[in-house]
Amino acid sequence: MDIAFTPTSRNRSFAPPAVRAANMAAALVADETKVSKVLIFSQNRCRAKAARARQLAMYLAHVVLGQSLTSVGQAFGRDRTTVSYACALIEDLRDDPAFDADVSRLEQLLETAGKISHD
């Protein structure tokens with residue numbers, strides 16, 4: 001039997017670490033940006049707000065939760081080069097103090113959530 005793990009898998013406790021990380025990051029970003037997780041994981045090229053939310057979720061999954069570019073790309077249905085581009089873009093946007101403060105707050109929330117889920 002072949003079991004596929006997708007971001008919408010019902011039993012996330014058995015999902016690979018990258019999928020769990022992607023779900024955690026996407027849930028946080030979805031809540032903060034008011035962009036649905038469905039749009040964040042959508043295979044379509046969405047509107048700018050949804051694309052930015054996806055880029056931020058990929059960045060958080062890679063930088064904060066320590067997942068590789070390849071595994072984050074697979075979890076989001078994207079190529080590793082897309083994740084690399086997203087990470088570089090978010091880093092560039094962090095030159096804006098307000099955006100940097102928002103991302104820092106999300107990083108702290110995700111680090112706390114990651115520690116709780118591992119306990």
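This is a short tour of the structure, stop by stop.

Before you start, note that this is a predicted model, in which local features need pLDDT of at least 70, side-chain atom pairs count only at pLDDT 80 or more, and totals for chains, interfaces and linings use all residues. Residues are numbered from 1 along each chain as its sequence is written, and side-chain values use heavy atoms, leaving out hydrogens and water.

**Whole protein.** Show the cartoon: you will find 6 helices and 0 strands (DSSP runs, H or I of at least four residues for helices and E of at least two for strands, numbered from the N terminus). Of the 119 residues, 39% count as buried (under 20% relative accessible area; exposed is over 50% and partly exposed lies in between, with a 1.4 Å probe and protein chains only).

**Ser68.** Next, select Ser68, in the loop between helix H3 (48-63) and helix H4 (69-76). Ser68 counts as partly exposed because its relative accessibility is 39%. Its side chain makes a polar contact with the side chain of Ser71 at 2.9 Å (a pair of N or O atoms within 3.5 Å; within protein, one must be able to donate a hydrogen and the other to accept it, and residues adjacent in sequence count only if both atoms are side-chain atoms).

**Glu107.** Move on to helix H6, where Glu107 is found. Glu107 counts as buried, because its relative accessibility is 15%. Show Arg94 too: the side chains of Glu107 and Arg94 make a polar contact (2.9 Å).

**Asp102.** Finish in helix H6 (residues 97-118) with Asp102. With a relative accessible area of 41%, Asp102 is partly exposed.
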